[in-house]
Amino acid sequence: MRIAVIGGGVVGSLIARELARYDAEILLFDREVEVGFGVTKANSGIIHAGFHDEPGTLRARFCVLGNALYPELAEELEFSFRRTGALVLAFDAEEEETLKRLWEQGEANGVPGLALLSREEVLAKEPEVNPAVRAGLFAPTVGITAPWEVAQAAAENAQANGAEFHLGEEVFGIEVKNGRVQALRTQKGLYFVDAVVNAAGLFADRISEMAGVPFPTLIPRRGEYILLGEPAGNLVHSVLFPTPSPVSKGILVIPTVDGGLLLGPTAEDLPPEAKEATETTSHGLSQVLRGAGKLVPKLPLNQALKTFAGLRPEPENGDFVVGPTKVRGFYQAGGMRSPGLTAAPAIAQFLAHEVIAPDLALKKKTAFNPKRARIPRAAELSEEEWEKLIREDLRWGRIVCFCNTVTEAEVVEAIRRGARTLDGVKFRTRAGFGRCQGSFCMAKIMAILARELGLGPERITLRGPGSELIFGKVRP
Amino acid sequence: MKISVDVVVVGGGAAGMAAAKAAAEAGAKTLLLEREERLGGVLDQCIHPGFGLHRYREELTGPEFAFRLLSELERAGAEIQSGATVLSVRPSPELLVASEKGLIRVEAKALVWAAGARERPFGPLLIPGARPAGIFTAGLAQKLVNIHGLLPGKRALILGSGDIGLIMARRLHLEGVEVVGVAEIKPFPGGLLRNVVQCLEDFGIPLFLRHTVAKIHGGKRLSGVTLVEVDEQGQPISGTEKFFAVDTLVLSVGLIPEVRPLESLFPDGVKVNSFFQSAVPWIFFAGNALEIFDLVDTVAKIGEEAGRSAARYAQEKPPKPTAVPLRKGQNVAVLVPHELVPGEPAHLFLRVPRPLSRATIRVADVYAQNHVSLRPAEMVEIALSPEATVELARLPQADVEVIPA
């Protein structure tokens, strides 16, 4: 049996990992040169509790299930995850009513631990919250993660268990014969497969069309963010939400796993073809500042590190598209709007174990290793552990990124594990993620990438072909 | 590994080399730590001339200036450890340092912090648009071109008219990059007048004053930027947008002192007296880690003063002298040091917030000097005699102000 997963984001990588538990050949394809470079990369990083979603939807079901899976998954795969809890804040009587409705919805969805809090209780928990607050809904199971780490960790673990990753390979066609998937085509050739899982994020509609399976129109919903660097994250303890509107969860204040603070996102629906419109706008950024400032009035904006925008694939009907289709061997894991990140592990388990494995009569492998070890971070080691690593390999003693204290050894290890670009190194090691935003370390990391990959410096990119960083030598 | 010294100097640029040299000459056992492989700091990549006119009375390039200072440092006999990054500074006093030799604990009686500055990056400017490759800070662009021999692009625009931005406009132009202009949000250039003339005017590179970048264009690599004119408040004037097709944007929008491992010791910022001694008596500051200076000659002079003071502190452990606080009055944007030690000579360095023609600099009622022209890009140095500082000691604080004629 040969199964192709299209899309190497959080969803596709986790599906590949679940499928790798079976005696089957797993191939994963992604058009980007690294995993997690699509929707996954520009995301709020919140593991939602499940009270935002209407009962009966796939969103509600997989969100609550996925949330419960995260602690163990984070331990197995060693990605950053912290249960911070969340507060939804109400600022007038109408919003207080909405909080009660959210609480009921959460109860119906089986969200554990929800509690309605008075103004005083909210301010006791979060003293920096706008004192105009009137009430809050507390959700203890809400957590934060670094979404790209989830994808990287799942991808590494899937590969360690035999999955084969074809990155930088775009799927152009899917061949279906007698109502059954036969093969898929990329720029490198034809691959005969028994099944295809569509986890192609913003492009899930196009992939589905290639198989002749209708898919709801995907609307790229742009979310703009402002990221503040550490120690701004110390300002709040939990994820802060405004009371949601019918279309969006609103603009949040989110502590990050690195001690930063993420403000956003906006929610702007773009035309379906605008699948790469990740630019920020002046109105979007001012909306973020207004929205976040309403929740926490004293934001240390002088600690701003960067602004960015991400696109969420918003299916026209508002719900995930998950499961088998009329084409045998073609499975959907698309329309991963919010809370897609939270739902991803539950969707991966459901698809692999309850849909695909019975369908294809797959048998479990005996030798599946669920553990993946993260790249050690020198800055987080004890002095003794760090000393030992330096004695073994002196590159552990060479600091490349001064802002986040990242060593050359970590950068080399990131490349060994699949980093091919400057962003790849940054999103694996945090080198270049700090307050200088890479002005001290970029030249060094470019040189290490060139050395380790055996490439000329003019072929080193920011995030894949077309994003080359330099144009050549000063003198030939 | 544990090392015990009298004075540890952090940073091997001009300030740090000068400080270590002066401390060693004063007889203190001195260790200089540099996080890069080579000493010299930013001087190594400043291959243009214009350095050393005050200190050596001749015009040198950055590497030549660094080489002379390094020779003086070696003659003075300070120990040098490069490839050594300070991880933390404990009040014992002890520094934890990472290096290829392992983690080193450095016990010192005094510390001179001379770790230089970092460049303000693109992110905090909150400029909307795409996030393509091709956006570099000026110092990084300079390092790529001058140290690594790599060309960042073919058509460039420079945002910010600080000295590095002006120098890089010329440097890129000389290497065949088409430099379409330098944009400056203020109504006056940020860099030295001589650099405006020698780097832009001499090569016909336009300077767009009161302009900033309104939008970044491009997918994977930068394809252009939109400039917009701004009003007196720095707000964009709509209808004045101009598009420039460029593949490279170089930022020269300010330098920020690097004080990271010390931040918790100075929650309200760093203040020094005229010995360059901080509120933590064993910590001294020098160079751009204290305040952004224009000239390396000044930085080296301050480094020597800080190094001498640190050596004296390490040897004699004198109590921290009582000092007269200086207060920034009208038209003073930058002022160091922040306190004066009565009875000691002092050098004050100040910067005005806007160009002024015909103005008087006053330090309370004991010092006054008339100037024909004062510019934000050019720091003014004031020498106060020991008598003047004694006289100031009768005041609770001394106001420093620039009074227009």
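Student: How many residues of chain A are in contact with chain B?

Tutor: In this predicted model, 41 residues of chain A are in contact with 40 residues of chain B. Two residues are in contact if their C-beta atoms, placed from the backbone, lie within 7 Å.

Student: Which elements of chain A supply the side that touches chain B?

Tutor: Helix H7 (282-295), helix H9 (383-392) and helix H12 (442-453) of chain A each supply at least two residues, as do strand S19 (304-315) and strand S24 (472-473) of chain A. Helices (H or I, at least four residues) and strands (E, at least two) are DSSP runs, numbered from the N terminus. By class, this side of chain A has 19 nonpolar, twelve polar and ten charged residues. Ala, Val, Leu, Ile, Met, Phe, Trp, Tyr, Cys and Pro count as nonpolar, Asp, Glu, Lys and Arg as charged, and the others, Gly among them, as polar.

Student: And which strand of chain B does S24(A) join?

Tutor: Two bridges join S24(A) to strand S11 (residues 150-151) of chain B, and the two run antiparallel. A:Gly472 stands opposite B:Leu151 there. Two strands pair if DSSP finds at least two bridges between them.

Student: What holds paired strands of a sheet together, in general?

Tutor: Strands of a sheet pair through backbone hydrogen bonds, in either the parallel or the antiparallel sense.

Student: What are the numbering and confidence rules here?

Tutor: Residues are numbered from 1 along each chain as its sequence is written, while chains are lettered from A and ligands numbered from 1 in the order in which they are written. As this is a predicted model, local features need pLDDT of at least 70 and side-chain atom pairs count only at pLDDT 80 or more, whereas totals for chains, interfaces and linings use all residues.

Student: Changing topic: which strands pair with S8(B)?

Tutor: Strand S1 (residues 2-10) of chain B runs parallel to strand S8 (residues 102-113) of chain B, with eight bridges between them. Strand S7 (residues 94-99) of chain B is joined to S8(B) by six bridges and runs antiparallel; a hairpin links S7(B) to S8(B) through two residues. Strand S20 (residues 283-285) of chain B pairs with S8(B) in the parallel sense over three bridges.

Student: Which residues stand opposite each other in those pairs?

Tutor: B:Lys2 stands opposite B:Arg105, B:Ala98 opposite B:Leu103, and B:Leu111 opposite B:Ile283.

Student: Which residues touch the most other members of the largest nonpolar core?

Tutor: They are B:Val7, B:Ala23 and B:Ala286, in a core of 166 residues. A nonpolar core is a set of buried Ala, Val, Leu, Ile, Met, Phe, Trp, Tyr and Cys residues joined through C-beta atoms within 7 Å. Leaving out residues up to four places away in sequence, B:Ala286 touches several residues, including B:Ala15, B:Val112, B:Phe276 and B:Ile302.

Student: Now A:Thr278: where is it found, and why is it partly exposed?

Tutor: A:Thr278 is found in the loop between strand S18 (268-269) and H7 of chain A. A:Thr278 is partly exposed because 19 other C-beta atoms lie within 10 Å. A residue is buried if 20 or more other C-beta atoms lie within 10 Å of its own, exposed if 12 or fewer, and partly exposed in between; C-beta atoms are placed from the backbone.

Student: What does A:Thr278 touch?

Tutor: Not counting residues up to four places away in sequence, A:Thr278 touches A:Ala42, A:Ala309, A:Gly310 and A:Leu311. A:Thr278 and A:Ala42 are 236 residues apart in sequence and 9.2 Å apart in space, C-alpha to C-alpha.
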